[in-house]
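Trainee: Hi! I have a structure open and would like to talk it through with you. Could we go step by step?

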Amino acid sequence: MVFRKLPGVSASGMGLRLSQKFVFLLFLSGLVTLCFGALFFLPDSVRLKRIFLSKTETQPVTVGSGSENDARELLKRPKDPEHPRGITSAKGETSTKLKTLSRKQAVVSHEATEERLAGGKAQEDLTLPRSKTESSSDRATSSGRGATTDTFTYTKFRGCLLKPPLGRDNGKPSDPQTNERRDKVKEMMKFAWDNYKRYAWGKNELRPLTRNGHIGNMFGGLRGASIIDSLDTLYIMGLMEEYNDAKEWVQTSLDLNSNGEASLFEVNIRYVGGLLSAYYLTGEELFKSKALELGEKLLPAFNTPTGIPRGVINLGSSGTSWSWGWASAGSSILAEFGTLHLEFVHLSELSNNPIYTEKVMNIRKLLNKIEKPHGLYPNFLSPVSGNWVQHHVSIGGLGDSFYEYLIKSFLMSDKTDEDAKKMYYSALEAIEANLVQKSPGGLTYMAEWRGGILDHKMGHLACFSGGMIGIGADDGALEKRQHYLDLAAEITHTCHESYTRSATKLGPEAFRFDGGAEATATRLSDRYYILRPEVIESYMYMWRLTHDPKYREWGWEAVEALEQHCRVESGFSGIRDVYTMTVSHDNMQQSFFLSETLKYLYLLFSDDDLLPLEDWVFNTEAHPLPIIRKSCLQDETTQEKTVSE
Ligand code: DMJ
């Protein structure tokens with residue numbers, strides 16, 4: 001705008017002198033600075049900053065202190081972003097409106113009499129009979145707004161399973177030694193659970209040394225992560241008293257009306273996954289309605305220009321989401337937005353609402369279309385432009401479960417999801433061509449890739465890939481099948497080596513293959529073990545695929561090491577250095593120890609008919625989700641089944 005001087009008005013306007021105007025302006029600007037500065041001293045300044053900065057969708061602005069150091073530190077433990085010191089904000093454009101479909105009364109009418117099958121005398125003494133699953137429709141609260149329950153029938157779903165989920169005899173192995181080992185794992189679960197219940201009930205995790213609970217800030221104010229993560233493990237182990245306590249807590253105390261900032265990924269894999277698997281195993285409507293209610297709260301995270309969700313979501317009604325401040329330039333993380341598919345497809349199945357599947361299919365399409373350096377998927381992608389932000393590729397942290405969910409999406413679709421299949425096998429080819437290495441000592445490992453430069457390091461997290469490549473072997477090209485199985489075995493062997501080469505016989509967070517190192521950690525900061533499951537997970541899959549007894553032996557070595565070094569008076573704890581026998585405990589019993597580590601060990605020592613792989617895929621938190629047999633489910637002649645094991 002151009003200002004013109006009006007005739008008859010003094011140059012100094014309003015009759016003020018130039019010096020007076022100057023003093024006035026000085027005062028004014030001082031006042032403004034003071035007011036603005038004061039905002040940052042208010043108690044909840046981050047929230048206020050967000051209010052100010054959240055209006056722009058197209059230009060996410062970093063508002064946290066996501067310094068390089070923070071980023072580096074967090075990158076070391078990317079899957080446990082307990083302390084998101086910086087977040088990049090942008091408000092979801094509109095609050096997501098669900099496409100509400102006609103709502104009918106649920107017609108689930110099964111009387112699921114789930115009698116626990118005897119697993120030996122000792123087991124009987126410890127547990128109560130599996131509770132009679134009440135006619136769940138009576139109690140169903142249709143809390144999943146926008147969801148319908150008209151087409152999914154639990155009993156019909158059970159009729160489409162090839163085998164009973166818990167096997168003929170709860171998966172009890174015939175070999176007495178294996179059975180003893182299995183009982184030992186069950187005792188470990190009971191010990192971990194009892195201590196959680198005693199000292200940390202309702203909190204997210206147990207701190208076993210200080211005997212109190214930990215809440216953390218990954219779950220946006222949701223509580224009881226260890227309870228939700230344990231439901232299915234308790235159930236399959238026949239720990240029915242404990243399972244019933246957990247179920248009652250969900251009924252009376254799981255409050256989903258939280259208004260905090262949560263990791264979309266963590267809430268999805270632990271809470272949504274845990275509730276879904278509890279529902280599919282037990283038929284309890286309570287778990288289904290909670291899963292649907294929570295699933296709906298996650299939808300606003302997808303309100304970005306590309307539909308690629310941001311990492312952090314406000315679970316309240318604000319519909320706001322952010323990127324982690326430590327992630328490059330407001331980007332989303334491949335392993336986070338790529339690890340939603342299994343749970344979201346099931347949310348659509350159960351609600352008869354396609355929106356969840358649409359959201360994850362959109363992610364899939366974008367990833368399928370976008371140019372990939374050497375066929376590889378980098379770890380950071382902008383949810384605004386849909387372009388890669390950095391060329392860092394890893395099968396460990398930041399990338400891992402994206403690949404896992406490709407092959408598992410294919411398997412879970414009853415092998416009909418051809419896109420997932422193609423994407424998985426071409427990703428695997430690129431991984432083999434660019435990342436898979438052989439050490440001078442003959443160990444096969446997965447290196448990391450930074451813009452074409454290899455970092456000869458493998459994270460504990462990357463050890464899940466033995467199992468992943470194993471379960472995908474059979475559907476690869478005919479001439480590659482044996483090769484994939486061999487590769488899976490080699491990687492699992494390398495991960496086992498990372499355990500055997502430590503003093504405690506537990507593996508470090510990351511191990512290297514340079515500077516003379518072979519599967520050992522060279523940095524102090526990589527020497528910790530936080531009760532992670534990935535190595536044991538691969539033992540379990542490789543056992544199921546090959547029945548080579550060495551996998552059970554390796555699993556038992558891990559049990560002994562856990563007992564010796566991680567078991568403390570009041571639970572299990574991670575340790576800070578796997579290379580020293582005078583261990584220092586980290587005072588944390590992670591919820592994934594109950595959900596994954598102990599479950600995979602239990603399955604390793606069980607018969608294959610406990611959660612058979614013909615019927616179930618495990619989400620990345622080890623929560624079993626059923627294979628969706630569309631044709632069977634839609635077939636009018638499919639027999640509904642009275643559910644009893
Ligand atoms: C778990 O929460 C999941 O397995 C996730 O995919 C990776 N990290 C932890 C366990 O290590």
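**Cysteines, a ligand and some strands**

Mentor: Let's start with Cys 160, which counts as buried because its relative accessibility is 6%, and buried means under 20%. Keep in mind that this is a predicted model.

Trainee: Okay! And which cysteine does a disulfide join to Cys 160?

Mentor: Cys 632 is the partner, with 2.1 Å from S to S. A disulfide is a covalent bond between the sulfur atoms of two cysteines. The torsion about the S-S bond here is -90 degrees, and the link of Cys 160 and Cys 632 is left-handed.

Trainee: What does that pair tie together?

Mentor: Cys 160 sits in the loop between helix 6 (154–159) and helix 7 (176–200), while Cys 632 belongs to helix 22 (residues 630–634), so the bond ties together parts that are 472 residues apart in sequence.

Trainee: How many disulfides does the structure hold?

Mentor: There are two. The other one to look at joins Cys 463 to Cys 495, with an S to S distance of 2.1 Å. Its torsion about the S-S bond is about -90 degrees, so this disulfide is left-handed. It links distant parts of the chain: Cys 463 is in the loop between strand 18 (457–459) and helix 17 (465–472), and Cys 495 is in helix 18 (residues 481–500), 32 residues apart.

Trainee: Is Cys 463 buried or exposed? And what about Cys 495, buried or exposed?

Mentor: Cys 463 is buried, because its relative accessible area is 0%. Cys 495 counts as buried at 1% relative accessibility. While you're looking at cysteines, Cys 566 is buried with a relative accessible area of 0%.

Trainee: If I number the bonded cysteines in sequence order, what is the pairing?

Mentor: The pairing is 1-4, 2-3.

Trainee: Nice. Changing topic: how many residues surround the ligand?

Mentor: 11 residues surround the ligand, and the closest are Arg 532, Glu 534, Glu 596, Thr 620 and Glu 621. By type, the shell divides into four nonpolar, one polar and six charged residues.

Trainee: What lies 2.8 Å from an oxygen atom of the ligand?

Mentor: That is a polar side-chain atom of Glu 596. Thr 620 has a side-chain N or O atom 2.7 Å from an oxygen atom of the ligand. For Glu 621, a side-chain N or O atom is 2.6 Å from a ligand oxygen atom.

Trainee: And how much of the ligand does the protein bury?

Mentor: Taken alone, the ligand exposes 290 Å², and the protein buries 98% of that. Two elements give two or more residues to the shell: helix 10 (264–282) and helix 21 (591–604).

Trainee: Which helix does Thr 282 lie in?

Mentor: Thr 282 lies in helix 10. Thr 282 is buried, because its relative accessible area is 2%. A polar atom of the Thr 282 side chain lies 3.1 Å from the backbone nitrogen of Glu 284.

Trainee: Last one! How many residues of strand 9 are buried?

Mentor: Five of its five residues are buried, counting residues 320–324. Strand 9 runs antiparallel to strand 8 (residues 312–314), and two bridges join them. Val 312 has Trp 322 as its bridge partner. The hairpin has five residues between the strands, and Gly 319 takes a positive phi near 65 degrees.

Technical notes: Residues numbered from 1 in each chain as written. Predicted model: local features only at pLDDT ≥ 70, side-chain atom pairs only at ≥ 80, totals over all residues. Heavy atoms only, no water. Disulfide = S-S within 2.5 Å. Helix = DSSP H or I, 4+ residues; strand = E, 2+ residues; numbered from the N terminus. Buried < 20%, exposed > 50% of the residue type's maximum accessible area, 1.4 Å probe, protein only. Near = heavy atom within 4 Å. Polar contact = N/O pair within 3.5 Å; in protein donor to acceptor, adjacent residues only side chain to side chain. Areas by Shrake-Rupley, 256 points an atom, 1.4 Å probe, with all protein chains shown as cover. Nonpolar A, V, L, I, M, F, W, Y, C, P; charged D, E, K, R; others polar. Pairing = 2+ DSSP bridges.
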